[in-house]
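I opened the notebook to record what I could look up in this structure, going from the whole chain down to single residues.

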Amino acid sequence: QVHLVESGGGLVQAGGSLRLSCQASGRTVSTYDMGWFRQAPGKERELVAAVISSGVAVYYLGSVSGRFTISRDIAENTVYLQMNSLKPEDTAVYYCNTIRWTTRRPRQDVWGQGTQVTVSS
């Protein structure tokens, strides 16, 4: 079981930027594919971005492509999500998790506490 701690969320005006961090336990970031998910009120959790174990970013949700960038720091065992040009529809709780890229689904059903992102118009 991998322990994950997300941080970096907050309240920002539309057009602003935030950088989310996901600190993982063990050697998770260099071993597993990793993904950032988000869940807005009343909606299902969705995959926003993914980076595979080689470090290549392989997926962005269509609505965030060109605005969000996923990256990782192996030495820090941390995955980041740089979010620019934020829109009110990006408002959600953001989570990270290990994933199986072939299925785009989480490897484990254990989640961190998430970090709230609120974008005001």
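I began with the secondary structure of this predicted model, and I counted one helix and eleven strands in the chain. Reading along the sequence, I wrote the order down as β-β-β-α-β-β-β-β-β-β-β-β.

Next I looked up the overall dimensions, and the C-alpha trace spans about 40 × 25 × 25 Å along its principal axes. The radius of gyration is 13 Å, which agrees with the value near 14 Å that a compact globule of 121 residues would have.

Among contacts between residues at least 6 apart in sequence, 55% join residues at least 24 apart. The chain exposes about 6200 Å², of which carbon and sulfur atoms supply 46%. For the charges, I found 12 positive and 9 negative ones, whose mean positions are 4 Å apart.

Which strands pair with β8? I found that β3, residues 18–24, pairs with β8 in the antiparallel sense over six bridges, and that β7, residues 68–73, also pairs with β8 in the antiparallel sense over six bridges. Gln82 in β8 is the bridge partner of Arg19, and Gln82 is the bridge partner of Thr69 as well.

I also checked how enclosed β8 is: five of the six residues in this strand, residues 78–83, are buried, so the rest of the structure largely encloses it. Last, I looked at the hairpin of β7 and β8, where four residues lie between the strands and Asn77 takes a positive phi near 55 degrees.

Conventions
Residues are numbered from 1 along each chain as its sequence is written. This is a predicted model: local features need pLDDT of at least 70, side-chain atom pairs count only at pLDDT 80 or more; totals for chains, interfaces and linings use all residues. Side-chain values use heavy atoms; hydrogens and water are left out. Helices (H or I, at least four residues) and strands (E, at least two) are DSSP runs, numbered from the N terminus. The radius of gyration is taken over C-alpha atoms; the globule rule is 2.2 Å times the number of residues to the power 0.38. Contact means heavy atoms within 4.5 Å. Accessible areas come from the Shrake-Rupley method with a 1.4 Å probe; for residues, only the protein chains shown count as cover. Lys and Arg count as positive and Asp and Glu as negative; His and the chain ends are not counted. The place of a charge is taken as NZ of Lys, CZ of Arg, CG of Asp or CD of Glu. Buried means under 20% relative accessible area, exposed over 50%, partly exposed in between (1.4 Å probe, protein chains only). Two strands pair if DSSP finds at least two bridges between them.
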